[in-house]
Each structure stands twice: as C-alpha cells, then as structure tokens.
Amino acid sequence: MTDTSLQTEMLSPTPQGIDRAAALLRDGQLVAFPTETVYGLGADARNGEAVASIYATKGRPSFNPLIAHVDSIEAARKLVHWSDQAETMAAAFWPGPLTLVLPLRDGHGISPLVTAGLDTLAVRVPAKACARDLLAATGGPVAAPSANPSGRISPTSAAHVAAGLGGRIAAIVDDGPCGVGVESTILGLSGPSRLPPVLLRPGGLASEDIEAVLGRALTHRNVADPLTAPGQLLSHYAPQAPLRLNATRFRSGELSLGFGPGAFDLNLSDAGDLLEAAANLFGHLHRLDAKGKPIAVAPVPDHGLGAAINDRLRRAAAPR
Ligand code: TXA
Ligand code: MG
C-alpha cells in the first residue's frame, strides 16, 4: 500500500506553494508541513483513505490516534464539545504548542481512523503562520502526526522529513527549522469540569505555565492505564544506536550530548537554556545517530520544557 515511487515535491511557504500543498491535501494526498513544534505529516482528516495512508506510510500502530489541526478556535468548536476550561486554555495558549482532548460533537465529519475509535478528539491550532495559512487554504481539519517513520526521531527540518519519508509522500512544505522543537503538550479536558485537566503528554508548553493560568495543579496521566493515552508507547522517538541517560562521565566509543558548559560532541545548550535545548533536541539526535555509535546524554533539569525533553529522552532510551 505504501507507494515508494512518488516524486516528492519540495514546496516553499509562498502563496503558490501553500495553494499547491492545499490542493494536494484536498485531493487525498499526504503533505508534510512545518509547525512550531515539529514537522507534521498531513492528510484531510475527513478522508478515511487519506488518513489510512498516514498509518501505512509511517508504519504506525492503528490504535494510536492522531491530532486534528485547525486554523482557529471557531474551527475547533465545530468538531468538539467546548467547555469553560477549553475556552480558558485556548484563549491563553492558542495558537501554540498545546493540544486539547475534548468529546467529539455530532456531525463532526472526522474519519474514525483519526480518533482510532475513541469518542474524543485531540485538536490544536498551531502557531507557525505557514501552518495556519495551509490549514486555511485547505478549508478543513488536517490530521497530522509527526512526519517520521513510526518510532523514529521526530523531524524538525524539511531535510529530516525527506530522509525518512522522501519518495513516499506527495510533498514537503519547507519553512526552515521548527522553533520549539518538541511536540505539543497534550491536555485531557474530557472529564467532569470539577476535576482538574489531565496532562497526557508533556510538551512544548510547560505544565507550570498551564497551572499558572488554571490556578490549580494538573493531574498527571496514570502510566498504568493504557486507555488514557493510547499513543504513549514506551519506546518511541528512538535513534538507531543505543542511548544512555544522565551521563556524567563518557565512555570511549560513545558520542556525548551535553547540556550546559563543557566539552561534548554536541551540546543541547551551552548556556543551559531549556528553550534552546528543546529546539536542538531532535536535530542533535539525528546528527549523532548518523554517526552510528552509542550516544550518552548529560542530565537535563526536569522543570519547564525539561519535562518534555526528559520524556522524549526516556522513550528514546527505552528497551526495544
Ligand atoms: O506537536 C505536535 O503535537 C505534532 C505536530 C505535528 O502537531 N504532532 C504530534 O502528533 O506529535 P503525534 O501523532 O506524534 O502524537 C499525537 C499524540 C499521540 O500520543 C496520541 O496517542 C495522542 O496524541 N492522542 C491523539 N488523540 C487522542 C485522544 N483522543 N485521546 C488521548 N490521546 C490522544
Ligand atoms: Mg510522533
């Protein structure tokens, strides 16, 4: 089913490039496009065959649901049951690296393959202008997981996408590197409104920032309950080579990935800046992985965006 003979078009984020990408999406083709977090592999969320080809092209387990991307709060409200908490979160953080999981509305039109049969939908409005232009030109929700083969490192540049999926998708819109560099934070809002929202995945929006706006602490996902976050496979975001975490000494034959001052093969941030480290994370892992040797990573503090960075590193290091 996966076509390896496609000539993948490289498109620029100009009006012509965006129109071409939107036409391909409306035609049921797969188009990779940049968001502020990572590059997404987009398909028309209402077209079951197009969504099926996302799963086939990525080699993604079919029980792992996708995020629907829309260009505005109004577009999101047509798909899901909106709530006061959703309004508070969207007003504070959309467009931006936050995904909200809410109950689906009747008449939503979303293919059941997007939700993998759940009665909730993950929805987000990305901040990157090029992504919103594409969503507006497409005129409907676009389902998009990260644009990498399933289980591999997420792409933060068009070159990463081309290396993983080139020849298998219709087009890639290239608008340079992603500014945030880790996937969106996913917040579950489908429970009773008196209960606090559930942090389903730490990501590009720090949970401390969400809690400051809510005025209450988030519940953290119960890792023992696979149903609360069906896509949170333990081994994920993995380089080909083994990865060792919290390394304070490096062994010979290992490549070192640092954080803060010091001599390393690559450094997430010399200055110890977590924003810079998140933006560099996947690109540095791609570069070290290309050298084909084991990788050891220095400790990264667990606050702010460090929670998302450590989550991705733990998955990359998990047994597989
Ligand atoms: O930043 C991002 O979120 C990127 C860009 C492209 O927007 N997308 C992304 O998608 O990271 P993906 O497919 O790699 O991750 C989506 C996550 C999965 O862990 C999935 O299980 C979860 O969202 N998810 C989707 N729908 C859900 C739902 N209804 N309930 C709970 N989790 C859901
Ligand atoms: Mg992914």
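Q: What is the strand order in the open sheet of four strands?
A: This is a predicted model. In it, the order of that open sheet is β12-β15-β13-β14, and the pairing is parallel.

Q: Which strands are at the edges?
A: The edge strands are β12, residues 243-244, and β14, residues 266-267. Each of them pairs on one side only.

Q: How many bridges are there between β12 and β15?
A: Two bridges, in the parallel sense, with β15 covering residues 295-297. As for individual residues, L243 has I295 in β15 as its bridge partner.

Q: Changing topic. Which residues touch the most other members in the largest nonpolar core?
A: W82, W94, L98, L100 and I210 do, in a core of 47 residues. Several elements supply at least two residues each, among them strands β3 (39-44) and β5 (98-103) and helices α4 (84-93) and α8 (207-214).

Q: What does L100 touch, leaving out residues up to four places away in sequence?
A: The list is W82, A86, M89, W94, L121, A122, V123, L187 and L189.

Q: And what about a second core?
A: A second, separate core has 26 residues, including V180, V300, L305 and I309.

Q: I clicked on S207. Buried or exposed?
A: S207, which lies in helix α8, is buried, because its relative accessible area is 16% and the cut-off for buried is under 20%. Leaving out residues up to four places away in sequence, S207 touches L199 and L218.

Q: Now the overall layout. What domains does the assignment give?
A: The domain assignment gives domain 1 at 9-220 and domain 2 at 243-317. Their centres, taken over C-alpha atoms, are separated by 26 Å.

Q: How many residues are in contact between the two domains?
A: 19 residues of domain 1 are in contact with 15 of domain 2. The area buried between the domains is about 1,300 Å², and carbon and sulfur atoms give 63% of that.

Q: Which three residues of domain 1 supply more of its buried area than any other three?
A: I153, V182 and P202, which supply 42% of the area domain 1 buries against domain 2.

Q: How many salt bridges are counted between the domains?
A: The count between domain 1 and domain 2 is one.

Q: And what does R312 form a salt bridge with?
A: R312 forms a salt bridge with E183, and the closest N and O atoms are 2.9 Å apart.

Technical notes
Residues numbered from 1 in each chain as written. Chains lettered and ligands numbered in written order. Predicted model: local features only at pLDDT ≥ 70, side-chain atom pairs only at ≥ 80, totals over all residues. Heavy atoms only, no water. Pairing = 2+ DSSP bridges. Core = buried A, V, L, I, M, F, W, Y, C linked by side-chain atoms within 4.5 Å. Buried < 20%, exposed > 50% of the residue type's maximum accessible area, 1.4 Å probe, protein only. Contact = heavy atoms within 4.5 Å. Domains from an automatic or database assignment. Buried area = accessible area lost by both parts, 1.4 Å probe. Salt bridge = Lys/Arg side-chain N within 4 Å of Asp/Glu carboxyl O.
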